[in-house]
Amino acid sequence: MSRSLCEVSGFLRAVREARALRPDLPRAAFVAAARTRSPWFSRLSHVDAETVIDWAARAARRACA
């Protein structure tokens, strides 16, 4: 079963922190990261800013490719 990153506990706090840490990443990258679905996210009980940054950076790279 997969779920989206935005469904993981602590997501909004993590996004706020991630956007402050990485203002160079566009808002659209964070939106795309939030909508990303993965079985890996089902195993998470909590998400942190580092995870959000990682997925937002991936989304930004995909958008540029």
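Where is the place of T36 in relation to α2 and β2? In this predicted model, T36 is found in the loop that runs between α2 (27–35) and β2 (37–38). With a relative accessibility of 15%, T36 counts as buried, because buried residues are those under 20% relative accessible area. A polar atom of the T36 side chain lies 2.9 Å from the backbone oxygen of A32. When neighbours within four places in sequence are left aside, T36 is in contact with R3, S4, L5, F41, W55 and R62.

The packing of two helices was examined next. Two packed helices are described by the angle between their axes and by the distance between those axes. Helix α1 (residues 11–21) packs against helix α4 (residues 49–64) at an angle of about 65 degrees, and their axes are 8 Å apart. Since angles of 65 to 115 degrees count as roughly perpendicular, α1 and α4 are therefore described as roughly perpendicular to each other, and their crossing is right-handed. On the side of α1, the residues involved are F11, A14, V15, E17, A18 and L21, which meet A49, E50, V52 and I53 in α4. Sorted by class, this contact of α1 with α4 comprises 8 nonpolar and 2 charged residues, with no polar ones.

Conventions. Residues are numbered from 1 along each chain as its sequence is written. This is a predicted model: local features need pLDDT of at least 70, side-chain atom pairs count only at pLDDT 80 or more; totals for chains, interfaces and linings use all residues. Side-chain values use heavy atoms; hydrogens and water are left out. Axes are lines fitted to C-alpha atoms, for helices over the stretch in contact, and angles run from 0 to 180 degrees between N-to-C directions. Helices (H or I, at least four residues) and strands (E, at least two) are DSSP runs, numbered from the N terminus. Angles under 35 degrees count as roughly parallel, over 145 as roughly antiparallel, 65 to 115 as roughly perpendicular and the rest as oblique. A crossing is left-handed if the near helix is turned anticlockwise from the far one by less than a right angle, and right-handed if clockwise. Contact means heavy atoms within 4.5 Å. Ala, Val, Leu, Ile, Met, Phe, Trp, Tyr, Cys and Pro count as nonpolar, Asp, Glu, Lys and Arg as charged, and the others, Gly among them, as polar. Buried means under 20% relative accessible area, exposed over 50%, partly exposed in between (1.4 Å probe, protein chains only). A polar contact is a pair of N or O atoms within 3.5 Å; within protein, one must be able to donate a hydrogen and the other to accept it, and residues adjacent in sequence count only if both atoms are side-chain atoms.
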